[in-house]
Amino acid sequence: MAVDAARIEGNTVVLGGARVRFIRTLRLPETGTHPLPPGLGEFPVRRVEDHPDTVPPEWRARGGVMLPVYLREAMWLSFAGTGEPSALQVGVGKVCAVSGERWTGALSRRPQNYLTLPRQPWLDGINSGRGTVRQFVAVPLGMGATVEGQVTGEETVGGVQLQAFGLGEAAHRLWRAERERARLLRPRVETAMYGAPSGAFPEPGAAGGGAPPPAPGGQVTRGAAAPRARSAVMGLGAGGSMRQQVFEDDRPLSDWAAEPSARTFVHLVTAPEWRRITGEAAPPSPVDRAAYTAAGLPWFDHYDESATDLAPPRALGDVKPVGDWIGDDHTPWQAPGASQVRPLGDPRPGRPVQDGDW
């Protein structure tokens, strides 16, 4: 497939006009429906090709990037900074996180198998309910707990797959003209961001952001990489449910380019393997959610009445939470108070990443 190279800029994966960051967060209980959890900093992202002697051979063949996760750690995908319209496909073990169908690499509207950026500001999990998603939670392959395993009956891929399409030539010209008219007619309006509402609680790692709440574990250190060994492969399962819309595309499918602008495979690495492969210690495990809530720190809510929410596909609605395989989460749940849930408004060159065969 002839597509442009993805790039990484810091911890941001850049795919044409789409920008994707992987954000650490609090894991939700697997019962009930909850507000949006906070951002607790970015996952570090590294290119696979920079560690050819320590990554498994199959990772070199797939190319892409990697990031470290703990067992049952939760994450969300931030698309902040995406400037131009993009249709972004998100696969979890090559199962579409939007439609629940197997990865095809082509855009589809029935069912819709992509997100529209920048209208979709983030994605916290699989599209599993009307107006809700189930949280992305890291689990090892081989247990049957991943979305991949439950939807396809196999666990052979793991990781996360990203592919972005830009607008076609005619639609892009029209968008640029409309943007210029809007720029001349409208004053700049600052809106709250998920994880950084109105500057009161900047997301850790962002410009001007403060440090996250204290987390267990030592400081990040660097060391020599050990000899190569087979890596424990991780995938994404489904965690707790939260209120989040997955927006229906309001453009005709013909507006999008026929070929993708860029794609990449995101490998999920256990913390010990991350140290062995890169020589770096993984970031410490995130703060306990009960301690976070007890400290009065914010959770978030976002709802767009002008948008249409995609109906959940049956395949993703039937996915069971990872607790059914790993065991119940016995950590006490302290629900945030009403004053802790903050409403959000719509948020409005790096090194190339080698692609491979996946």
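Contact here means that heavy atoms lie within 4.5 Å. Helices (H or I, at least four residues) and strands (E, at least two) are DSSP runs, numbered from the N terminus. The structure is a predicted model, in which local features need pLDDT of at least 70 and side-chain atom pairs count only at pLDDT 80 or more, while totals for chains, interfaces and linings use all residues. Residues are numbered from 1 along each chain as its sequence is written, and side-chain values use heavy atoms, with hydrogens and water left out.

**View 1. Helix α4 and the elements around it.**
Helix α4 spans residues 271-278, and six of its eight residues are buried, so the helix is largely enclosed by the rest of the structure. Buried means under 20% relative accessible area, exposed means over 50%, and partly exposed lies in between (1.4 Å probe, protein chains only). The buried residues are A271, E273, W274, R276, I277 and T278. They pack against β5 (46-47), α1 (57-62), β6 (65-69) and β15. Just after α4, G279 takes a positive phi of about 80 degrees.

**View 2. The protein as a whole.**
The protein contains seven helices and 18 strands. Of its 358 residues, 54% are buried. Its accessible surface comes to about 15600 Å², and carbon and sulfur atoms account for 50% of that area. Accessible areas come from the Shrake-Rupley method with a 1.4 Å probe; for residues, only the protein chains shown count as cover.

**View 3. Strand β13 and its two partners.**
Strand β13 covers residues 160-166; six of these seven residues are buried, so the strand is largely enclosed by the rest of the structure. Two strands pair if DSSP finds at least two bridges between them. Strand β8 (residues 86-92) pairs with β13 in the antiparallel sense over seven bridges, and V92 has V160 of β13 as its bridge partner. Strand β15 (residues 262-270) also pairs with β13 in the antiparallel sense, over five bridges. Here Q163 has R263 of β15 as its bridge partner.

**View 4. The nonpolar cores.**
A nonpolar core is a set of buried Ala, Val, Leu, Ile, Met, Phe, Trp, Tyr and Cys residues joined through side-chain atoms within 4.5 Å. In soluble globular proteins, nonpolar side chains tend to be buried together. The largest core holds 50 residues, of which F22, L67, M75, L77, V90, F136 and L162 touch the most other members. A second, separate core of nine residues includes W59, V269, I277 and A282. Leaving aside neighbours within four places in sequence, V90 is in contact with L77, V95, C96, A97, W103, L115, L123, V160, Q161 and L162.

Rings of Phe, Tyr and Trp (its six-membered ring) pair if their centres lie within 6.5 Å; planes under 30 degrees apart count as stacked, over 60 as edge-to-face and the rest as tilted. By this rule the count comes to three aromatic pairs. The ring centres of W103 and W358 are 5.7 Å apart and the planes stand at 55 degrees, so this pair is tilted. F265 and W358 form an edge-to-face pair, with 5.6 Å from centre to centre and 75 degrees between the planes. W103 is buried at a relative accessible area of 17%, W358 is buried at 11%, and F265 is buried at 1%.

**View 5. Arginines over aromatic rings.**
A charge sits over a ring if NZ of Lys or CZ of Arg is within 6 Å of the ring centre and within 35 degrees of the ring normal. The charged end of R263 sits over the ring of W358, 4.0 Å from its centre. The charged end of R119 sits over the ring of F247, 5.3 Å from the centre of that ring.

**View 6. The surroundings of A106.**
A106 lies in the loop between β8 and β9 (115-117). With a relative accessibility of 40%, A106 counts as partly exposed. Residues up to four places away in sequence aside, A106 touches Q89, N113 and F165. A106 and Q89 are 17 residues apart in sequence, and their C-alpha atoms are 8.9 Å apart in space.

**View 7. The surroundings of S241.**
S241 belongs to strand β14 (residues 234-243) and, at 9% relative accessibility, counts as buried. Apart from neighbours within four places in sequence, S241 is in contact with L28, P29, G32, T33, H34, T132, V133 and R134.
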